[in-house]
Amino acid sequence: MMFDRRAILTALLATAVSFSDAFQQPLAYGNAVGNTGSSTVLNMSTEAAAKKLPGTAQMDKPWEKLGFEFRPTNSHVQLKWKEGEGWSEPEIIKEPYVNLHIGATVLHYGQACFEGLKAFTHKDGDVYSFRPEENAARMQSSCRRIMMPELPTDLFCDAVQTVVKDNIEFVPPYGTGGALYIRPLLFGSGPRIGLQPADEYTFCIMVMPVADYYEGGLSKPVDALIIKDYDRAAPQGVGAVKVAGNYAADLLPNMESKKKGYPIGLYLDAKTQQYVEEFSTSNFVGIDNKNKKFVTPKSPSVLPSITNKSLMQIAEDEGYTVEARNVAVEELKDFDEVLAVGTAVVVTPVGSATILGQDGEEDTVYRFGEEGELGETTKRLYQRVRAIQMGDDEDTHDWNMKINND
């Protein structure tokens, strides 16, 4: 059989050119980038193919609709501490499970603490984590209180870098309002039956993409129930540290409040029931616009919120007098705006706080601002902290840590 060598070479060359053209064409990611109204076009050069980019993961919903819930990602990061050895190097774990000894102190004595922080995509496509050094310091405080080894700040931040980089395609794109939620967890994994510290501890960080806690950013003001039947934390207890048991204790009061029609509960001090302490999972802030005051409770039973700490600085920058002090229940009538603040929600406006009447007595209701309307100071504080997190305002206090995605 005779072959036309020239024809064969021509066909092969045409095929090669066709493949070359195909791979030089831009690749459009629609839902993968976030359903933001237009496709983002990525040139698939060798460098871009090797480097993962934020906002390119395939999601089951648009980025703006993710809510605040668990979603699987690529991996979590894990370090071990062993007596006599100290901390191991960070290890990336693909499976979302922990192999745990049945005698682990976390199971028997609740020896566990955790943190919560976020990472955001900025307009230039770089990703930044918000104030991780503060989370490291707060976790160290928790460790001291329940006798666990402290994770040094540099190791904590390095672990944040590692896990965010490995899951960077799950960081929501700039403009969607979303973030990569970062949940560090440290617990006793060594076996002990007697009440004593373990000989092994495990530190993990899991991550997941989340949208605004309330779709669109700020919610309409919610109604709070002042909880009188339960205490959040005992005086000289563990209320000021982020240990796991604090939150388990709030499950029942929280559920009962919601059944009564109040989305959020507000705790008073356990000793006298005369002073405001904090909401179920958020710090309390009262705004007195007439006297330009930002007031938040100072108590050894209140967890110091990093969001609140940031808002205190922003309020001071805005010319408000910041007061961290005891806040009597009767003072609630003096506030024009009340906020519940924390990492997950950032800011929840509170429209009222109610003490339910007993034995036929009328309820006592404290109202804040115009019914159903967001306060101007609430909006301003929220917009300022979000703009810093998203890179839209100058980071004058050096709060953002860049994720090294090279």
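Domain bounds here come from an automatic or database domain assignment. With that settled, welcome to the tour.

This is a predicted model, so local features need pLDDT of at least 70, side-chain atom pairs count only at pLDDT 80 or more, and totals for chains, interfaces and linings use all residues. Residues are numbered from 1 along each chain as its sequence is written, and side-chain values use heavy atoms, with hydrogens and water left out.

**Stop 1: the largest cavity**

A cavity is a set of points, on a 1 Å grid over the protein atoms alone, where a 1.4 Å probe fits but cannot get out; lining residues have an atom within 4 Å of a point. Grid points are joined across faces, edges and corners, and a volume is the space filled by probe spheres set on the points. Two cavities of 30 Å³ or more are found in the structure.

Select Gly116, Leu117, Lys118, Phe120, Phe130, Asn135, Ile306, Thr307, Gly342, Thr343, Val346 and Gln389 to see the lining of the largest cavity, whose volume is about 120 Å³. Now colour by domain: domain 1 (63-210) and domain 2 (222-390) both give residues to this lining, so the largest cavity lies between them.

Next, show the cartoon. Helices (H or I, at least four residues) and strands (E, at least two) are DSSP runs, numbered from the N terminus. β7 (117-121) and α8 (306-317) each supply at least two lining residues, and β7 gives the largest share, three residues.

Colouring by class gives five nonpolar, six polar and one charged residues. Here Ala, Val, Leu, Ile, Met, Phe, Trp, Tyr, Cys and Pro count as nonpolar, Asp, Glu, Lys and Arg as charged, and the others, Gly among them, as polar.

**Stop 2: the second largest cavity**

The second largest cavity holds about 70 Å³ of space. Select Lys118, Asp212, Tyr213, Val346 and Arg386, the closest to its centre of the 16 residues that line it. Here β7 and α9 (376-390) are the elements that give two or more residues to the lining. Domain 1 (63-210) and domain 2 (222-390) each contribute at least three residues to the lining of the second largest cavity. By class, that lining has 10 nonpolar, three polar and three charged residues.

**Stop 3: the cysteines**

How many disulfides (pairs of cysteine sulfur atoms within 2.5 Å) does the structure hold? There are zero. Zoom in on Cys143: its nearest cysteine sulfur, that of Cys113, is 4.2 Å away.

Technical notes
1 Å grid on protein atoms, 1.4 Å probe; cavity = no way out; pocket = protein on both sides within 12 Å on 5 of 7 lines; lining within 4 Å. Disulfide = S-S within 2.5 Å.
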